[in-house]
Amino acid sequence: MDLYAVVFYAFAFITLAAGAIVVFSRNIVHAAFALLFAFFGVAGLYVLLMADFLAITQLLIYVGGILVLVLFGVMLTSNTIDVQMKTSTIQTFPAVLIVAALAGTLIGIFWSTDWKTTTDPPIQATAPKIGEMMLTSYLLPFEIASVVLLVALVGAAMIARREKKA
Amino acid sequence: MTEVRQYFGNVWMAIYTAMVGMRRTFRHLFTPAVTIQYPDVKLKLPERARNRLYVNIDDCIGCDQCAMACPVDCITIETIKSTPDQDLGTTSTGQKKRLHVPKFDIDIAKCCYCGLCVYPCPTECIMMTDVYEFSEFDRKNLIYHYSRMTPEEIDVAKEKLKKAEEEAAAKKAAAAAAAKAAPPKQEGTSSQQPDSTKPS
Amino acid sequence: MYELLQQLLGDSILVYVIGAALPLLFILPYALVTVLLEMKVSAHMQDRVAYMYTGWHGVLQPVADIVKLLQKEDTIPGVADKTLFRLAPYLVFMGSYAGFAAIPFSSAYIGSDIDLGVFYIVAITSLAVIGILMAGWASNNKWSLFGAMRSAAQIVSYEIPTALSILVAVMITGSLNLQDVTHFQDGGFWNWVVFGGPLPLTQKLLLLPFTLVSFFILFIAGIAEVNRTPFDLPEAESELVQGYNTEYSGMKFAIFYLAEYANVFLVSAIVVSLYLGGWTSPFGEFMSGPIWGFFWFVAKGMFFVFMQIWIRWTLPRLRVDQLMYTSWKVLTPFLFVCIFAVGFILVV
């Protein structure tokens, strides 16, 4: 087993173990924190795929942004200082059904896809290429995404703004 | 427009005042420190500083006024009356001593350094010194025994007082028989006598 | 550096482990020095003298502190979330230590010569936010949680000015790799990005005001990101009793402290690498080379560490609304102006 494989399995194990904690932990806060390691493991896998920009963006947005939001949400939702927040399993049967269907679909896609292997050397510097593409070939989706985000920002500011009492 | 000016004014103020403060602290970085390295260098105490109590037991007449003045009751005095045949000498202020002082204890751990015991003393034998370093590992060591009388001397004095009282009761009118002189005073061995200049 | 290690040890995983551990060899003695520096500088700024008895002028005091912290009982509050409580300090330190991977200590050493160095640092330091939130939550203490919340809010909002001011330097140098950024500025202090970089004179002069402003803002936002005074609301001794690390003692507390000091240097290192030429000598060829490079890098870094200490012992703490005002209404708009102007100047 070479170094690459060791690192791959390490990250895969981190991702899966953390994912398992997210799913099975009864403590919501533990689940939220386990999400950190899941995101981190996925970022590691991206790095192994030579997608460094994606990996770092994963860290920046999911760990630095979304996870913090999730944690804030979990911590601020209720009187959580004393209350141990627990989750419980309900509706086992429909859940199993849906999960089985989803897993079946994914595995089906995995087997039926014709995975191509390439011998091209991986692109070393992905960031300049991605930047160029975003501002040339994919300008419209990029701009639409930014407009959506701007709308969200304005909306958030509107909601958060306290009405001045006359 | 005024708002814009105020905005930039505020930004400028923030930077400017921060700079002023930093200039001040930078200057202080090189001014000599005012710290006194205490155990090595000591501040001179003011003349009337009140610190550890000291009792000049030779001058004590056992009047108990200091013990009564003490607001925290840290002074304990026991006295034994002397018989007329005993001469306890006089104090340095010329007063005649009439009482033995077998016990003069000061619990300095209780003392609040108010100095109230000093003023009533008729012979000025209790005073506050400038010693402030007298920490101990055992609290018992902070109870200072100033009396120099040995247990034997105390016994003798008590015996004498008893005898004298009996004699006085038996033959009031008769002249007192020849009495033995009081044994000469010796330096106390059981009592602790703190030095006024050094921590004990 | 890696080639040298590979020659010495052959192609094994050990090479990478040693390469990754090298910054630690710097951080540990650096933290000892900085603890002493902080104490001494703060004391002398207040006309005191600080430690005097452990060694000459108390230079051994940090060692004594470490020994004390090692001996201390490691207490965990009974109602704390024990798993998270144990994990949090390591996560916080991991966040700041991982940032050192992309810092070029000298022309011969950079932990990981990746293409997206600064971007990686900005991203990976967000691990520390999670660690702080974890510590605050696990302590099961409302003030700790308050501190952690404040810290997270502060770091998340100050990430914007930090990233934008990094962007200004990146626009000029054209690379996110700090090693390339440093090479770009080689050749004397007039080539530093803070003075406009090695561009034609007219461009340099036009760029100068904007690079200066963004340099200042990067430093300010950096201080805010590592929660130091005047932005130390998360620790606020007067209201929150140290905030998220109130309940920590012994070695766990020491690791929080180590992470804080590592962060202090990390901020200085980013500022130095981006704007002040990193390991390059300020005098061109004079005193340059890998060893001198390390010297210059550490010297410049320590200067900014001193600046942070200096600011810490000068300015009082900001209020929460002032903190947010500074970030969103002052630093960010100024940086937007800088970015537009720099882009305009570079293109035209």
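What pLDDT does chain B average? Chain B averages 79, and 86% of its residues score at least 70. Here pLDDT is the predictor's confidence in each residue, from 0 to 100.

This is a predicted model, in which local features need pLDDT of at least 70, side-chain atom pairs count only at pLDDT 80 or more, and totals for chains, interfaces and linings use all residues. Residues are numbered from 1 along each chain as its sequence is written, while chains are lettered from A and ligands numbered from 1 in the order in which they are written.

Over residues 185-200, pLDDT stays under 50. The model has 27 contacts beyond four places in sequence for that stretch. Two residues are in contact if their C-beta atoms, placed from the backbone, lie within 7 Å.

Now the chain pairs. Two pairs of chains are in contact, and chains A and C share the most contacts. Chains A and B have no contact; their closest C-alpha atoms lie 20 Å apart.

Helices are DSSP runs (H or I, at least four residues), numbered from the N terminus.

Finally, one residue inside chain A. Ala18(A) sits in helix α1 (residues 3-24). Ala18(A) is buried because 21 other C-beta atoms lie within 10 Å, the cut-off being 20 or more. Beyond its neighbours within four places in sequence, Ala18(A) contacts Ala34(A), Phe37(A), Ala38(A) and Gly41(A).

Key: Helix = DSSP H or I, 4+ residues; strand = E, 2+ residues; numbered from the N terminus. Buried ≥ 20, exposed ≤ 12 C-beta atoms within 10 Å, placed from the backbone.
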